[in-house]
Structure formats: C-alpha cells, structure tokens
Amino acid sequence: MKPKPVEFTKNSDIDISIFRRAFVLAGSSIGVSSPNPSVGAIIIDRKSGEIIGEGATREPGREHAEIVAIDSVKKRFPDDFADQLADSVLYVTLEPCAHFGRTPPCSLAILQNNIPEINIALKDPSEKVNGRSIDALINAGRKVKVLEKGFLMEHFAEEVAFTLGPFLCAESMQRPMILLKWAQTASGFVAPALGSSGHISNGDSRALVHRMRRLSGATLTFPGSVRFDWPELNFRDHLRDIRIRWAAGSFFQSLQDGYLRNQRFFPSVQGQTTRLFLLPRADSSWDRDSMENWILRQKNMPEEYGRPLFIYRGEDPSTDNYYKEVMSRHSLDYIRTESLEEFLRTLPQAGITSLLMEAGPRGVSYLMKNNMADMAMVFTSGGDPFSQGVAISPSAAKSLGAMIPLSGYSVGEINPDTLHVYLSRSFLQVADS
Ligand SMILES: NC(=O)c1ccc[n+]([C@@H]2O[C@H](COP(=O)([O-])OP(=O)(O)OC[C@H]3O[C@@H](n4cnc5c(N)ncnc54)[C@H](OP(=O)(O)O)[C@@H]3O)[C@@H](O)[C@H]2O)c1
C-alpha cells in the first residue's frame, strides 16, 4: 500500500505555543547535546490538551528528547502510562532519528509506545534520517504533521538558529555555525586607531559573552586581537548575575534560564569547549618572548576553559618555522593551514558544530564581507571610550545591513550597552532548503 503523504501544516490545527515551549526545552540542551542537535519534545494528552511529559536531548550517547519525554510520562503515570501514551500527541522540534547510533532510533520508541500523533517542527535533512522516520511513522498508521518551512522560520527563526543551527550548518555546509560578536563604541569604532581597545562593552555584556563561550563548541580569535590583547578566551564570569532588559517572552531570556538550569543539572559538560587562536604572521611586529609566554599561559590555563589549539597560516616559511619550533618544544596542539575556510571545514569532524568568533575591525570586516557569519551579535556601548578609531569596512557594514535583525536588548544598568542580534539570509536558506 502506498503511504499517505506527509502533511505540511500551518498553524490552523497545531497549537504553536506548544512548539514554543518545546523550543525553550531545546534551548536548555544547548552546550549539552553537542555535537547532536538540541531538541525539545512535549507530550500532551490528546483529549485534555494537558502537557503530560517533556524533555530535551541529553549529552551525546544519552537519551534524545523524545525518549526523555516518554520516560517522564512513565514516571508520572507508573500504572497507566501505556494508556496515556496511546492517547497522546508528541511535539518535537526535529524529526526523530531513524537509525541505530549511540542510541536506538527514537522512531522505534514512538512506535513501541503506540503514540498515535506526532507533530514535527523541522524535517531532519541529514543523510541518515531525511524523512525516514516520518515515512516509518506514517506507514505504521500514525498521524504525522510537519510545520511548513516558511511558517516555521517566520515564527521560530531565532529558536531554530540557536538550537538546530549548528547541526544544520555542519550537515549542509560542512562547517560549524559561525556566531560573530564584536563590540563598538557609540560612534561605531571597533578598535582605537592604535593599540588595544581595552573594554568597549560593559561588565554585563562581557559576562554574557563568557556564557556564549561556555556554550559554544569553540571560540576563535583573530591574529590582530592576539597581537594587541593577548586574549585567553576563558569564561570566568559566566555565572555572574547579569542585568539584561529582554524583549517580553524572548527566546534569549529562555536561553539564559536554560543555561542557569544547566549549571545545576549538567555540571559534567564543563571543559568541553575549545579555545582556538589564529596566530599572527611571524614577521609581525610583536616581541617573541611575550608571544611565547602568552602561548605557555594558554597551555597552563585551567582545563575547564577548554583545550587551546593554535592555528597559523603556513604559507610563509618564517611563520612556519617559528611556530613549528615553539609548538614542538612545548608539546602544544597546533594546526598549519592554508586558509581559515579550509580549517573551518575540519571542525565538524572534530565534533565542533558551533563557533563563536571574536575579532577586531579587520577580522570582522573579512568575515562579514565574505558572508561567513551565520549570526552576528553587536554590542554598542553607551559612550565613546576613545574618540579616534577603526570601524568595520563599508562592505562589511553593507553585509550587516543585509542580515535579518532578530532582537535588540539592553545590557547592564549603568551606561547600558545595546545588543543587536542578526541572522544571515544564507542561514535562513539552509534552514529552509
Ligand atoms: N571591539 C571588539 O570587539 C574587538 C575584539 C577584538 C579585538 N579588538 C581590537 O582590535 C584591534 C586589532 O584589530 P585587527 O583588525 O587587527 O584585529 P583582528 O581582526 O583580530 O585581526 C586582523 C588580522 O587578522 C588577519 N586575518 C584577516 N583575515 C584573515 C583570514 N581570512 N585568515 C587568517 N587571518 C586573517 C590579518 O592578518 P594579516 O594582516 O597578517 O593577514 C589581519 O590583519 C585591537 O585594538 C584590539 O584591541 C576589538
């Protein structure tokens, strides 16, 4: 018998507030499930509409969201969970997996527990799934609905970007999702004309960046920043009580809540990030002793901040010889690459699917001009800590103007920064393809 085709649906008969809640649950799994996608699942009673179970994907090798949600129903109704599940609707933010990986397929658990209706936010585009679960569920007589892509992105672009973006980028572009952040003065300068910029953004903004570092698969900084700032990319302030004026009901706020919950429930994910340092050319005007001291400091940083990995462009022999010698002498991890793009393509294989990039005006300009940022986070200071400086290039500003503004937030109470978040159109196409 030919299977019934999958129904793509708008919101007429699906309660999108349930999906909203499912994405909030997914948000609580960011930094936990990686490199697996952060997925949320909710099970409702078909008759009453009451939520009877919910869950989010756990650490790799542990339960996916659907299983956590099914288990929560079993726990809540130890005597009649089978009847409960047989008269329920499962909402899940990504198509259930269809294959035996580190865990058995979720589609099998849905079938075994006789869940009759399944509402899915996004079909899984990966080769291993790609509609297989949907087909299996429909073939077994289950009612399956998938949100229309346009509708999904209209209502949940931010949610999809944060929870599924890394997975989608790794699957379709073979590189991590890139979140580019920078701070600028009220007049738009990213760095002073000469030397280090000190702090442009306030302490609350920096604490938020520390959280982003902690949640990202890796953080990468650029050569000019290394030369001027000797960055450490740690996240010592990530648990600081920060003051942000969120938009009402914003997903960012729920991310923040999820993050704080994770700190209590998932302490084991500490130390899973990587600190990536793109090093300057050896002919730059830095002092080699300071450089070596800084490199050694990175090696000796507490493990919880993530392992350091040094990258340099090896096209000129003096850079190659210098770093090879320093790295071997101190037994450090390093990579010589022809280009940043080439290096980025190696990251998904190493399990890194989300990358926070921190750069000065030239790095930001390069990344923006080449449309490499999937998401941009721009902190604008309430004042001008210096009067003369370097802004991003006009072509980078044009690229920023072409991105989709998602949200604006006010960060900090005294002299607050403004934070604007933008999503690239090419990311939307990836999610919408
Ligand atoms: N406001 C902020 O958010 C922020 C953040 C970080 C740093 N800063 C400030 O920015 C200033 C430094 O500015 P900057 O523009 O020189 O810093 P940067 O963006 O960190 O580094 C720029 C350098 O990166 C290299 N680069 C550019 N594209 C590259 C690519 N595709 N692959 C590999 N390397 C590439 C280039 O080096 P080559 O010229 O050798 O090719 C370029 O000079 C400092 O004052 C620092 O304090 C500000």
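Two strands are taken to pair if DSSP finds at least two bridges between them. Strands (E, at least two residues) and helices (H or I, at least four) are DSSP runs, numbered from the N terminus. The model is predicted: local features need pLDDT of at least 70, side-chain atom pairs count only at pLDDT 80 or more, and totals for chains, interfaces and linings use all residues. Residue numbers start from 1 along each chain as its sequence is written.

An open sheet of 10 strands shows mixed pairing, in the order 10-17-18-15-7-14-9-11-12-13. Strand 10 (244-245) and strand 13 (334-337) stand at its edges. Each has a single partner strand, so one side of each is left without a neighbour in the sheet.

Strand 9 (residues 218-221) is covered on both faces. Ala218 and Leu220 are buried on one side, and Thr219 and Thr221 are buried on the other. Here, a residue is buried if 20 or more other C-beta atoms lie within 10 Å of its own, exposed if 12 or fewer, and partly exposed in between, with C-beta atoms placed from the backbone. Four bridges join strand 9 to strand 14 (residues 354-358), and the two run parallel. Leu220 has Met357 as its bridge partner in strand 14. Strand 9 also pairs with strand 11 (residues 274-278), in the parallel sense and over four bridges. There, Thr221 is the bridge partner of Phe277. Strand 11 pairs in turn with strand 12 (residues 307-313), over five bridges and in the parallel sense. In strand 12, Phe310 is the bridge partner of Phe277.

Helix 13 (residues 361-369) packs on helix 14 (residues 394-402) at an angle of about 55 degrees, with the axes 8 Å apart. Axes are lines fitted to C-alpha atoms, for helices over the stretch in contact, and angles run from 0 to 180 degrees between N-to-C directions. The crossing is left-handed, meaning that the near helix is turned anticlockwise from the far one by less than a right angle. Helix 13 contributes Val364, Ser365, Met368 and Lys369 to the contact, and helix 14 contributes Ser395, Ala396, Ser399 and Leu400. Contact requires C-beta atoms, placed from the backbone, to lie within 7 Å.

Phe252 lies in helix 9 (residues 251-265). Phe252 is partly exposed, with 19 other C-beta atoms within 10 Å. Not counting residues up to four places away in sequence, Phe252 touches Trp246, Ser407 and Tyr409. Phe162 is 90 residues from Phe252 in sequence, yet their C-alpha atoms are 9.3 Å apart in space.

Technical notes. Two residues are in contact if their C-beta atoms, placed from the backbone, lie within 7 Å.
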